[in-house]
Amino acid sequence: FFFGFLMAGPAPSVNRLPVPSTPVPLSAVGLGVEAIPPDESESVARTVEAFQSIWRSAPAPAPVRNGHSKAHAVLNGRFEVAQGLPPHLRVGLFRNQEGFDAVVRFTKAAQQSMHGDNDAVADTHGMAVKLFVGDKEIDFFANSPMDAFFLSNAKQTFGMSKLTSTGSVLFWSLCCCNCWFLKRAMGADGRNSSIADQGLFGRRYGSGTPYKFGEGGAMKFFFIADQEDVVPPALRRDRDKFSKHLKEFYKSGRSASFGFFVQLQTDPVRHPIEDASVVWDEASAPLARVATLTLPQQEFDTPARKAYSDGLVFRVGHQLPEHWPLGGINRARMKIYGAAVSERLTRAGRTESTSAGHTMAP
C-alpha cells in the first residue's frame, strides 16, 4: 500500500480547479466543488488499460468479480424516506416522503485468491444497495468499516493497478497489513474495534467517498444498524459464518433495519472532496438520519437467488443528478468499475439481472 502511494505520486492540491488549472485561495473552493487535476483523465485511462490487461490474461473459466466476489446474501428490502425532514435535507431522493423497493448485496471485500471465500479471515465487508426509483436504478456503495477510502485520489489508482499486475498477493497483503488505514477506517474513537465479531446486521457501513447533496452541497453517507447483531462464538471460525448467521437471525423471527444517514460537508478544507482518505470529523459535520432501510424475513439461500446475484450489477454512476459522485476516486471508479462489469459479463456470457424492468430478487 505504501509503495502504491510512492508510485502513484502526490495527491492533487485542493486549491486547484479545472482548466485553466491555476492556484486559487482555499476560500475560493466552495462546498461541493470538485478540483480536477489536468492529468487525471490520462491516469484513469492508463489504470483501466492496466486492469483490462490483467482481466483478459486471466485463465478460463470466466473471472468472478475482481473484488467483493463472495456474496453472503442478496436481500429484498424497502427504503423509506423519513417524515418531517427539515428543508435543508429535502434534497433529491429525500425531497418527498416516499418509499422505494430495494435490493441489497452483502459481500466480503477480498478477492477469492486472497482468502476472499473464507469468512474466518478478517476483512472489510460491503453493502451495495440498489433502489428502484421510478424508471431509474439508484445505487449506493458502502463498506464496513469505512469512514474514509483507502486511496486519496485518482492518480493513486494507477499505482494500485501496477502493484496488482506485479502480484496481487503483494498488493492485498500490504493493504491488509496497513494498520494506519484500518485505524482511520474504523474511526478515531475506535467504535468498530470489535467489528470482526459483529454480524452483518449490526454494523456501520460508510460510503468513504463524497457525493453531491443538491447544488452547492456535498455529503458522505452511512447505513447504520438499528439492532445489535453479534456472531456467536460457535460460528466465528466458520468459513461461511456470515451467511449461516443470517439464516439463524431470520429463523429467530427477527427482521433487520438500517438508518440511512447523510454527513453534510460544512468546510471544504476539513472535509475535502479530492482527498477521499480524509475522515470527515463528526463534530464539525454531524450525521443526520434521512431514511430507513428495512430487510424483512426472507429465504435467500436458493439457486434462483444465487443466479440473480451473479448477474447483479451496481454502478457508481447510477445516481440522481442531485447526488452525483464527487471527487477523483469516484470519477475513477465510474470508469474502472464500468470496464470491470463489461469484462466480467462478456466473458461469462451474462446480461445484467436488473434492467428497465426493475426486477427484485426472486
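In which sense do strand S8 and S9 pair, and over how many bridges? Strand S8 (residues 256-264) pairs with S9 in the antiparallel sense, over eight bridges. Strands here are DSSP runs (E, at least two residues), helices are H or I runs of at least four, and both are numbered from the N terminus. Two strands pair if DSSP finds at least two bridges between them.

This is a predicted model: local features need pLDDT of at least 70, side-chain atom pairs count only at pLDDT 80 or more, and totals for chains, interfaces and linings use all residues. Residues are numbered from 1 along each chain as its sequence is written, and side-chain values use heavy atoms, with hydrogens and water left out.

Stay with S9. Ala291 in S9 is the bridge partner of Phe260. Ala291 also stands opposite Val81. S9 (residues 287-295) runs antiparallel to S1, joined by four bridges.

Now cross to the S7 side of S8. Seven bridges join S7 to S8, again antiparallel. Phe221 has Val262 in S8 as its bridge partner. S7 (residues 218-225) is mostly covered, with seven of its eight residues buried (under 20% relative accessible area, 1.4 Å probe, protein chains only; exposed is over 50%, partly exposed in between).

Strand S6 (residues 211-212) joins S7 through two, with Lys212 opposite Ala218. The hairpin of S6 and S7 has five residues between the strands, and Gly214 takes a positive phi near 75° there.
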